[in-house]
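Take a look at the model below.

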Amino acid sequence: MRPEVSAFVADGPLPDEETGEEEEIDRRARQLEAMSRPLSLAEAEALAGCFGPDDCYGLAWTMAHLIETAPGPVYTPAPALEVSAHARIRGWAVAAGLVAQDAGPDAPGGEDAGGFPA
């Protein structure tokens, strides 16, 4: 995995808009912008584990667009709350063919190496 992706993943999920510090959100945005495209499938799976509880001022969409550069769909478990930003983004990813509707560990994209958090 490339260092810029590893560094982003090591920082964990995106903060939420309510409690996230502006400096942290700006730093995470710069990290996403620095990632070269396309992502490998492993990088996309790791990045898929970094969605936070909301859109984080659009950073969740930036991550979704990065993930779509990977060669094939990324397995992610369905979110627990179907009303969250995560659920909306996952719905978009399913519609775009990036994520299987009822994906499981045997779905294209490999094993669950860090799906969307619930």
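The model is a predicted one.

Start with helix H3, which spans residues 41-48. Six of its eight residues are buried, leaving the helix mostly covered. The buried ones are Glu43, Ala44, Glu45, Ala46, Leu47 and Ala48. What do they pack against?

Now turn to the charges. Side chains of opposite charge can pair when their charged atoms come close. How many salt bridges does the structure hold? There are two salt bridges.

One of them involves Glu43, whose partner is Arg2. Their closest N and O atoms are 2.5 Å apart. The pair links distant parts of the chain. Glu43 sits in helix H3, while Arg2 lies in the segment before H1, and 41 residues separate them. Is Glu43 buried or exposed? Glu43 has a relative accessible area of 3%, and the cut-off for buried is under 20%, so Glu43 counts as buried. Arg2 has a relative accessible area of 22% and is partly exposed.

The other salt bridge joins the side chains of Arg27 and Asp11, at 2.6 Å from N to O. Arg27 belongs to helix H2 and Asp11 to the loop between H1 and H2, so this pair ties together parts that are 16 residues apart in sequence.

Definitions and conventions:
Residues numbered from 1 in each chain as written. Predicted model: local features only at pLDDT ≥ 70, side-chain atom pairs only at ≥ 80, totals over all residues. Heavy atoms only, no water. Buried < 20%, exposed > 50% of the residue type's maximum accessible area, 1.4 Å probe, protein only. Helix = DSSP H or I, 4+ residues; strand = E, 2+ residues; numbered from the N terminus. Salt bridge = Lys/Arg side-chain N within 4 Å of Asp/Glu carboxyl O.
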